[in-house]
Amino acid sequence: LASIGISKLKKLNSLNRKRIIILKKYLSGIKNCKNISLAFPYKLEKSSYYFFSLRTKKRDEFVDFLRSKRISSGVHLMPLPLHPLYKKYNKNVSTSLKVWKELISLPFFPDIKMKQVEYIIRAIREFDNKFWLIFIMIDGVKTTPLKQIIDERGKIMHMMKKDSEIFEKFGEIYFSTINSGF
């Protein structure tokens, strides 16, 4: 058993470099998604991620959509009280119980082909666009895409300003999200 571990350690740097390349491709490919975001900020320096997770309020629909495209996905993060071993420690973790229902992990292994990653990214974008089309199809509802300013701390979404045709005496409206740890 130790010999297997030693042989794997020799490949560690190479495997981590491959993961970083894959991670950069995913990050670049989904940066403009409106309804799918990173589960947490990925830092490329001195990291060795072993899974890639996203967050969407439509997780179950997203899982079904990916399955229809023959893309596997999973849920690797869940609140501890949901694990059988920790049920007796059922503490108030209401935020965790809410957030975990939005998390999904995508294929992320060193030998995945770039064509496969690109296919997955196209599927992510397709789902993201379909999600927004639901709102466009409601009769009488006018939609305006939000301008988004995104960085590792979270994002600010600019909804409207005073020159919008539907505002009469108002300044601007912003929404924001803050990533945990900031």
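Which residues form one aromatic cluster? Y26, F40, Y42, F52 and F108 do. This is a predicted model, in which local features need pLDDT of at least 70 and side-chain atom pairs count only at pLDDT 80 or more, while totals for chains, interfaces and linings use all residues. Residues are numbered from 1 along each chain as its sequence is written, and side-chain values use heavy atoms, with hydrogens and water left out. Helices (H or I, at least four residues) and strands (E, at least two) are DSSP runs, numbered from the N terminus.

**Aromatic rings**

- A search of the whole structure finds 7 aromatic pairs; ring centres of Phe, Tyr or Trp (its six-membered ring) must lie within 6.5 Å, and planes under 30 degrees apart count as stacked, over 60 as edge-to-face and the rest as tilted.
- One of them joins Y26 and F52, which are stacked at 4.5 Å centre to centre with 10° between the planes.
- Y26 lies in helix α1 (residues 2–30) and F52 in strand β2 (residues 52–55), so this pair ties together parts that are 26 residues apart in sequence.
- Both Y26 and F52 are buried, where buried means under 20% relative accessible area, exposed over 50% and partly exposed in between (1.4 Å probe, protein chains only).

- You will find E102 in the loop between α3 (94–99) and β3 (103–106).
- E102 counts as buried because its relative accessible area is 8%.
- E102 forms a salt bridge with R55, with the closest N and O atoms 2.6 Å apart; the term asks for a side-chain nitrogen of Lys or Arg within 4 Å of a carboxyl oxygen of Asp or Glu.
- Since E102 lies in the loop between α3 and β3 and R55 in strand β2, the pair ties together parts that are 47 residues apart in sequence.
- R55 itself is partly exposed, at a relative accessible area of 26%.
- The E102 side chain also makes a polar contact with the side chain of K57 (3.3 Å); such a contact is a pair of N or O atoms within 3.5 Å, and within protein one must be able to donate a hydrogen and the other to accept it, with residues adjacent in sequence counting only if both atoms are side-chain atoms.
- R55, K57 and E102 are linked in a network of salt bridges.

**Other salt bridges**

- The whole structure holds 8 salt bridges.
- Among them, K69 pairs with E126, the closest N and O atoms being 3.1 Å apart.
- K69 sits in the loop between α2 and α3 and E126 in helix α4, so this bridge ties together parts that are 57 residues apart in sequence.
- K69 is partly exposed at 24% relative accessibility, and E126 is partly exposed at 29%.
- D64 forms a salt bridge with R67, the closest N and O atoms being 3.0 Å apart.
- D64 and R67 both lie in helix α2, 3 residues apart, about one turn of the helix.

**F131 in helix α4**

- F131 lies in helix α4 (residues 114–136) and is buried, at 12% relative accessibility.
- Leaving aside neighbours within four places in sequence, F131 is in contact (heavy atoms within 4.5 Å) with N35 and K58.
- The C-alpha atoms of F131 and N35 are separated by 7.4 Å, although these residues are 96 residues apart along the chain.

**Where is L85?**

- L85 lies in the loop between α2 (59–68) and α3.
- L85 counts as exposed because its relative accessibility is 63%.
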